[in-house]
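Hello,

Here is the structure for you to take over. My notes on it follow.

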Amino acid sequence: MRVMSTVFDFLVLVLLLSGLNATVFEGAPQDNWRKRLPTIFLDVARFALIGLGLAIILSVIWGVWVGGVFTALSVTSVVLGLMLQNSVVQIVSGLFMLFEQPFRIDDWLDASNERGRVVEVNWRAVHIQTGSGILVVPNSMLASTSFTI
């Protein structure tokens, strides 16, 4: 009975999150901030909410004490954050560039002493089509220097 209840509660949780996503973000107008929000933010939030929901399900249905798990995850995330500090800075810079969107695909951009057309923007880098090929500029570099659109 516990297994069936766990599966049912998990399916309800996933359906509620999918419904919330469809209502709030999928139906948003094109110019709205909800439509421009990078999908990685939604994926991380969805993952965190599913993890929290599973912790509540394990605690209520199975009687598991999940406080120790949260403590271990907190300590581990601090250690990993300090260990991967440079990589995290680049990723966060990229996410902020995606969220702010100072330029879009097909805009002309002057960066790194090169002028070209933006052909791709992702969480790690911007790809610029120049006369001599594609220039890949890391978002952390664009976030720390000035550029012209």
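Is Arg115 buried, exposed or partly exposed? At 48% relative accessibility, Arg115 counts as partly exposed (buried is under 20% relative accessible area, exposed over 50%, and partly exposed in between, with a 1.4 Å probe and protein chains only).

This is a predicted model, in which local features need pLDDT of at least 70 and side-chain atom pairs count only at pLDDT 80 or more, while totals for chains, interfaces and linings use all residues. Residues are numbered from 1 along each chain as its sequence is written, and side-chain values use heavy atoms, with hydrogens and water left out.

Salt bridges

The structure holds 3 salt bridges (a side-chain nitrogen of Lys or Arg within 4 Å of a carboxyl oxygen of Asp or Glu). Arg115 pairs with Asp110, with 3.5 Å between the closest N and O atoms; Asp110 is partly exposed at 29%.

Asp106 bridges to Arg117 at 2.6 Å. Asp106 lies in the loop between α5 (85-100) and β1, and Arg117 in strand β2 (residues 114-121), so the pair ties together parts 11 residues apart in sequence (helices, H or I, have at least four residues and strands, E, at least two, as DSSP runs numbered from the N terminus).

Arg46 and Asp43 form a salt bridge at 3.1 Å. Both lie in helix α3 (residues 39-61), 3 residues apart.

Core

The largest nonpolar core has 9 residues, including Met97, Phe103 and Leu142 (buried Ala, Val, Leu, Ile, Met, Phe, Trp, Tyr and Cys residues joined through side-chain atoms within 4.5 Å). β1 (108-111) and β3 (125-130) each give it two or more residues.

Regards
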